[in-house]
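Trainee: Could we go through this structure together? I would like to begin with the ligand and then turn to the backbone.

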Amino acid sequence: MNTPHLTAAIILAAGESTRMKSRTPKVLHTLGGKTLLQRVMSSVGGLNPATTAVVVRFEHERVAAAASEYNPQATIVEQDEIPGTGRAVQCALADIKDELDPTQGPVLVIASDMPLLDTATLESLTQAHKEQGNAATVLTTTLDDPFGYGRIIRDEGGHVQRIVEQKDANTAERSVKEVNTSVYVFEPSVLLKATENLDADNAQKEFYLTDALETARQFGAVGAYVAPDAELAEGINDRVQLARLASIHNRRICEAWMREGVTILDPATTWIDDDVTLARDVEVLPGSFLQGATVVEEGAVVGPYTTLIDAHIDADAHVERSRVQETHIGARATIGPWTYLRPGNDLAEDTKAGAYVEMKKAHIDQGSKVPHLSYVGDAHIGEHTNVGGGTITANYDGKYKHHTEIGSDVHVGAGNLFVAPVTVGSGVTTGAGSVVRHDVEDNAMVYSENTQHAVQNWEVHQVPDAE
Ligand code: UD1
Ligand code: CA
């Protein structure tokens with residue numbers, strides 16, 4: 001199938017989205033790590049429209065900024081105070097009508113609250129529009145519960161006669177289960193003429209874009225293309241629908257990875273963003289969130305209860321009950337449980353960051369271990385060094401962060417404090433409880449004086465009983 005080309009795409013994102021009850025406009029809510037607007041713009045972008053217009057009004061600065069980020073070439077259109085999907089299109093056409101060129105193809109009009117709609121469905125819609133030689137074609141779907149949607153009223157020939165909104169429909173019309181998805185393809189001249197004389201003579205006192213379809217019949221056939229996959233064409237009006245579609249989307253992503261050889265014990269509690277990459281024989285255990293551009297290499301085990309954000313986990317590593325962000329974990333390394341790896345760490349092969357260990361900008365060379373209750377920040381540790389439990393790099397003097405350098409084959413005693421900037425050579429042993437303020441030469445033993453006092457016959461003064 002050759003890719004259909006569009007002269008323009010008009011993306012409607014000006015609605016107030018009252019049913020979300022949110023400070024954030026609906027189109028900026030996220031699903032699978034991407035906003036609804038980003039998803040629609042990327043599906044539309046797959047059709048290479050010559051012009052892309054995004055109509056904004058509610059929270060227009062935030063929505064416009066997001067739209068420009070996803071497509072810097074997009075034309076941002078401000079809708080005026082007149083409400084309705086029809087008005088949104090009128091405002092867009094006022095800005096882009098000179099750019100419309102019928103030789104480049106038709107115009108796509110699309111709402112921005114259908115996060116699962118993919119390029120392939122939009123392509124099929126455009127293809128059907130061309131093949132049937134329509135003036136306008138609407139993407140429809142059939143729902144068991146069509147409540148709230150505009151219903152498709154077809155004529156005897158099967159063409160679309162009109163679309164009637166829930167609030168304007170009579171009982172017979174309400175029983176129709178075929179609904180408008182708010183995705184349309186129009187011939188450019190038809191769209192211009194059919195949106196010229198819209199009015200607000202309806203229950204919602206809005207300019208309805210759906211009215212333009214009835215008018216379009218004066219200029220040619222108005223067809224409907226039924227989405228082959230109803231789930232993909234579903235819209236979001238409230239947070240219940242957002243959660244439902246997010247879980248459908250996540251289930252599809254998990255199943256795709258399982259088919260590629262990834263074990264996912266419980267897809268219902270495993271959330272994987274679109275841009276994550278997983279190799280064969282990766283095992284993901286329940287309660288795990290794999291986000292951003294995370295990469296997990298062959299045979300690694302992630303979870304249970306682990307969050308990876310833009311992390312790179314090498315083969316056969318094991319990350320359990322931990323949070324790992326912008327960090328590289330080497331092959332066969334073991335992380336967790338309860339380990340917090342903040343951005344900028346690089347842990348080499350066969351390393352360990354154990355229970356209640358926090359790291360930030362820590363570079364840990366091959367075979368070194370930080371097994372218990374430690375903080376390592378702005379530090380480099382050489383190979384095969386072992387860091388005793390409860391050790392802290394004191395990297396912050398209240399104004400600046402400083403570096404700690406610890407060599408290879410170092411044996412750090414329990415409860416050490418490295419007061420940065422400080423450098424400890426290779427082969428060093430430090431005593432338990434040392435406060436290391438000064439650089440230590442290779443192969444030295446260092447300990448801090450820490451006098452033990454004992455008071456004989458010490459009496460504990462009991463608090464008298466309450467009664
Ligand atoms: C609309 C359709 C309905 C369809 C349903 C599918 C109309 C009159 N009705 O109803 O037939 O079944 O979508 O979800 O078109 N928008 C603007 N400016 C506005 C109002 C809305 O840009 O003034 C945008 C919204 O941001 C949204 C889209 O248009 O992306 C649809 O708006 P929404 O309020 O969700 O329309 P529905 O009432 O659901
Ligand atoms: Ca809607």
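Mentor: We shall discuss the ligand, then a salt bridge, then some backbone features. This is a predicted model, in which local features need pLDDT of at least 70 and side-chain atom pairs count only at pLDDT 80 or more, while totals for chains, interfaces and linings use all residues. Residues are numbered from 1 along each chain as its sequence is written, chains are lettered from A and ligands numbered from 1 in the order in which they are written, and side-chain values use heavy atoms, with hydrogens and water left out.

Trainee: Which residues come nearest to ligand 1?

Mentor: They are G84, T85, E165, N180 and S182, out of 24 residues around the ligand. A residue counts as near if one of its heavy atoms lies within 4 Å of the molecule.

Trainee: What does the backbone of N180 do there?

Mentor: A backbone N or O atom of N180 is 2.7 Å from an oxygen atom of ligand 1. For G150 the corresponding distance is 2.9 Å, and a polar backbone atom of A14 lies 3.0 Å from a ligand oxygen. A polar contact is a pair of N or O atoms within 3.5 Å.

Trainee: How much of ligand 1 does the protein bury?

Mentor: The protein buries 90% of the 750 Å² that ligand 1 exposes when taken alone. Such areas come from the Shrake-Rupley method with a 1.4 Å probe.

Trainee: Which element gives the most to the shell around ligand 1?

Mentor: That is β10, with three residues. Strands are DSSP runs of E with at least two residues, and helices are runs of H or I with at least four, numbered from the N terminus.

Trainee: On to charges. How many salt bridges are there?

Mentor: The count is 16, where a salt bridge is a side-chain nitrogen of Lys or Arg within 4 Å of a carboxyl oxygen of Asp or Glu. One of them joins D274 and K34, at 4.0 Å from N to O. D274 is in the loop between β13 and β14, and K34 is in strand β3, 240 residues apart.

Trainee: And the backbone: where is the cis bond to P337?

Mentor: The cis peptide bond runs from G336 to P337, with omega near -5°, and P337 sits in the loop between β24 and β25. Another cis bond joins A420 and P421, with omega about 0°; P421 is in the loop between β35 and β36.

Methods: A polar contact is a pair of N or O atoms within 3.5 Å; within protein, one must be able to donate a hydrogen and the other to accept it, and residues adjacent in sequence count only if both atoms are side-chain atoms.
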